[in-house]
Amino acid sequence: QKAEWAKLVNESTVSKDGHHVELAANIGTPNDLKGVAANGGEGVGLYRTEFLYMGREQLPTEEEQFEAYKAVLEGMNGKPVVVRTLDIGGDKELPYLELPKEMNPFLGFRAIRLCLEEQGIFRTQLRALLRASTFGNLKIMFPMIATLDEFRSAKAILEEEKQKLISEGQKVADQIELGIMVEIPSTAVLADQFAKEVDFFSVGTNDLIQYTMAADRMNQRVSYLYQPYSPSILRLVKMVIDAAHAEGKWAGMCGEMAGDETAIPILLGLGLDEFSMSATSILKARSLIKNLNKSDMKNLADEVLNMQTTSQVVDAVNAAIK
Ligand code: PEP
Ligand code: MG
């Protein structure tokens, strides 16, 4: 089987009935690019930049960040690279920031919430990204967006930094797509409104499932509630994809669910445009999608959206892909 998959490295990902989807990779550092190439990644769908900030004594400088972003953009040779701005907090702490302890870190001061408050940190990262933007196909994505106001504030700060750089005579790419992670239920529910203002969505199912089911993604005792195939989660995902398409935008997914063999047939049927996963899952996913008819998977998706339980959904997928 591995040998069969290896033949697909240089192929694009097309369903049996001719529909293309993009299979991208999640990365944490420029070193991960070797794995992306070896596994035929069509892009980077999630670059988790927080690793630049972790395991050290102080914040990374603009220059250090610029070098890392440039290396990733150049390494991908013009293929799309979605860089997520700093998502710290929750389970990821930065000792040198000395933030107060919180009762519920996953519901607390993290990601875009922190960046909109600690604007120095945010602006440094945005400047590094904007300066790197001429070295490839950069798309910028904000994490943990809960309201349109947050998105608008973050976008306004990005615009300010862009204008500053331009007035300093620095080069910045003309077109940089700007998107958001959909990982908070409020944003999935309001996706039709967000879709008017963002260029793309990427569904972060790791957090979306935790927040929808009110079940801590790290807590074993409640892990039975962590149900990617729950019709409730699938309906939220559908809302996001439909909202994007209604405005001519694209929708991706960068949570673990995007590389899951049981979820992929449903996601293909729902019309997901981009699947971002760990590089080592890409060839297997490509092989699976090549053997599926998108039109059949659309029927499967319609069916499972009206089911009552996760186990019914799993049974229906297994029956459909036999
Ligand atoms: C997610 O929440 O699905 C996601 C991709 O982000 P992280 O796992 O880094 O929270
Ligand atoms: Mg997340």
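## Stop one: the core

Start by selecting Val 44, Ile 180, Phe 201, Val 240 and Ile 266, which touch the most other members of the largest nonpolar core, a set of 93 residues. Such a core consists of buried Ala, Val, Leu, Ile, Met, Phe, Trp, Tyr and Cys residues joined through C-beta atoms within 7 Å. Buried means that 20 or more other C-beta atoms lie within 10 Å of a residue's own, with C-beta atoms placed from the backbone. Now show helix α10 (residues 231–246), which gives the most to this core, with eight residues. Helices here are DSSP runs of H or I with at least four residues, numbered from the N terminus.

A word on what you are viewing: this is a predicted model, where local features need pLDDT of at least 70, side-chain atom pairs count only at pLDDT 80 or more, and totals for chains, interfaces and linings use all residues. Residues are numbered from 1 along each chain as its sequence is written, while chains are lettered from A and ligands numbered from 1 in the order in which they are written.

Next, pick Ala 111, in helix α4 (residues 111–117). Its phi is near 50 degrees, a positive value in a residue other than glycine. Ala 111 counts as buried because it has 26 C-beta neighbours inside 10 Å.

Then jump to Met 144, in the loop between β5 (137–142) and α6 (148–167); strands are DSSP runs of E with at least two residues. Met 144 is not a glycine either, yet has a positive phi of about 60 degrees.

Technical notes:
Buried ≥ 20, exposed ≤ 12 C-beta atoms within 10 Å, placed from the backbone.
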